[in-house]
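Please keep the sequence and the structure in view while reading the points below.

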Amino acid sequence: MPIWKRNLFVCWFGMFVTGIGMSQIAPILPLYIKQLGVHDSGSISQLSGLAFGITFIVSAIFSPIWGIAADKYGRKPMLLRASLGMAIIVGCMGFAHNVFILIGLRLLQGVITGYSTACTTLIATQTDKEHSGWALGTLSTANTSGSLIGPTIGGFIAEHFGLQHSFFVTGGLMLVAFMTTALFVKESFVRHDNKVLNMKEVWNSIPEKSLTITLFITFFVLTVAMYSVEPIITVYVAQLSRNTDHVALIAGIAFSASGLANIIAAPRLGRLSDRVGAHKVILGALIAAGILFIPQAFVSDPWQLTGLRFLFGLAAAGLSPSVNTLMKKITPDSLTGRVFGFNMSAAYLGAFGGAVFGGQIAAWFGIPYVFFVMSALLFLSALWVYFKVYKRLNINKLTLYKK
């Protein structure tokens, strides 16, 4: 088996577990904060929002920093640092004595993370052009599906084994990811003691600035759309259900349906982007995702919502691998870690912004408007991609791909 393919499988497992660890706290956070001694419902809501959001905000700040370190010291040391650090920090959350220790540990989790950035950079630089779309597509399913399935897993473990065990199990899985990374990931990295470029110099070294910004924003919009339903889906499922039993479980299944679809479709759409061009897959996926958001506002049954979330996941699965494939082609190898670090920052900001934005739209205008607004956002993004990426690559395809 080629080294890049073995590394891909190990990194997939690590990113999947990391995605679970970042998101599994969502459904149990209010209950855990209450268990830690906070009983006022308003305070629980405020502290839950702070504890959930602080990890993503801090991760967005530190992702480019770890990207610089990956370019300078290699990707494998970053994988080991992040997986071991998160195993310890997430495991310690189960021993938190009060809510402020929990929030502090969530902040540290945001600082130490960077596993996904290092994985993407490692696979992007090791894989040959013929397989890069498939490889990055397969890898993209790990973090996305882990993040979407994480709330269901976290809720299941908490319900059957206790709240603390969600953290212990996740920490244990991350420790397994650390060990598999240490034993099986191989990297031939030659360190160059070149001057570390500052942000301005990095930006000046990027040959396709306009295209790079468009890809960052496309990734941000996709993540906003995916996470906009997270704060409302339980309430929406409760409104649609005739029977109030198992609402939390059905809401978890509805939210995770798009993650399952992502696992199925992303490698295939990544391979398709290798054949027909990543820009065509990005445009088609944005339009399809925008269309599939609209009927979600008109469903009359939670299982209709689950079916549409699954179809949305199939469409959205083409975006992440195609964006990463195109970004790899337009980025010099020496800057790959930093550019992918910025892209992960866009994803973390999108996850946080989507959860906040979705909740605010639902509160002010009603839940159906969340789907209308997200659909409009995806269509606007598709329009921008058409003019900034699709038309340009159809005209200058050969010139661009030779850089």
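The radius of gyration is taken here over C-alpha atoms, and the globule rule is 2.2 Å times the number of residues to the power 0.38. For 403 residues this rule gives a compact globule a radius of gyration near 22 Å, and the protein, at 20 Å, agrees with that. The model is predicted: local features need pLDDT of at least 70, side-chain atom pairs count only at pLDDT 80 or more, and totals for chains, interfaces and linings use all residues. Residues are numbered from 1 along each chain as its sequence is written, and side-chain values use heavy atoms, with hydrogens and water left out.

**Overall form**

- The protein contains 17 helices and 0 strands; helices (H or I, at least four residues) and strands (E, at least two) are DSSP runs, numbered from the N terminus.
- The C-alpha trace spans about 60 × 45 × 40 Å along its principal axes.
- Of the 403 residues, 57% count as buried, where buried means under 20% relative accessible area, exposed over 50%, and partly exposed in between (1.4 Å probe, protein chains only).
- The accessible surface comes to about 16700 Å², and 69% of that surface belongs to carbon and sulfur atoms; such areas come from the Shrake-Rupley method with a 1.4 Å probe, and for residues only the protein chains shown count as cover.
- Contact means heavy atoms within 4.5 Å; among contacts between residues at least 6 apart in sequence, 85% join residues at least 24 apart.

**Aromatic residues**

- The structure holds 13 aromatic pairs. Rings of Phe, Tyr and Trp (its six-membered ring) pair if their centres lie within 6.5 Å; planes under 30 degrees apart count as stacked, over 60 as edge-to-face and the rest as tilted.
- Trp12 and Phe16 form a stacked pair, because their ring centres are 5.1 Å apart and their planes lie at 10°.
- Both residues belong to helix H1 (residues 3-23), and because they are 4 residues apart, about one helical turn separates them. Trp12 is partly exposed at 23% relative accessible area, whereas Phe16 is buried at 17%.
- Tyr386 and Phe387 make an edge-to-face pair, with 5.2 Å from centre to centre and 80° between the planes. Tyr386 is partly exposed, at 33% relative accessible area.
- Tyr236, Phe293, Phe312 and Phe371 are linked by ring pairs into a cluster.
- Arg81 lies over the face of Trp66, 3.4 Å from the ring centre; a charge sits over a ring if NZ of Lys or CZ of Arg is within 6 Å of the ring centre and within 35 degrees of the ring normal.

**Cysteines**

- A search of the whole structure finds 0 disulfides, a disulfide being a pair of cysteine sulfur atoms within 2.5 Å.
- The cysteine sulfur closest to that of Cys11 is in Cys119, 3.5 Å away, which is too far for a bond.
- Cys11 is buried at 0% relative accessible area, and Cys119 also counts as buried, at 0%.

**Two residues in their surroundings**

- Ser375 is located in helix H17 (residues 367-401) and counts as buried at 3% relative accessibility. Apart from neighbours within four places in sequence, Ser375 is in contact with Gly290, Phe293 and Ile294.
- Trp303 is part of helix H14 (residues 302-316) and is partly exposed at 47% relative accessibility. Not counting residues up to four places away in sequence, Trp303 touches Ile250 and Ile253.
- Between Trp303 and Ala261 there are 42 residues of sequence separation and a C-alpha to C-alpha distance of 15 Å.
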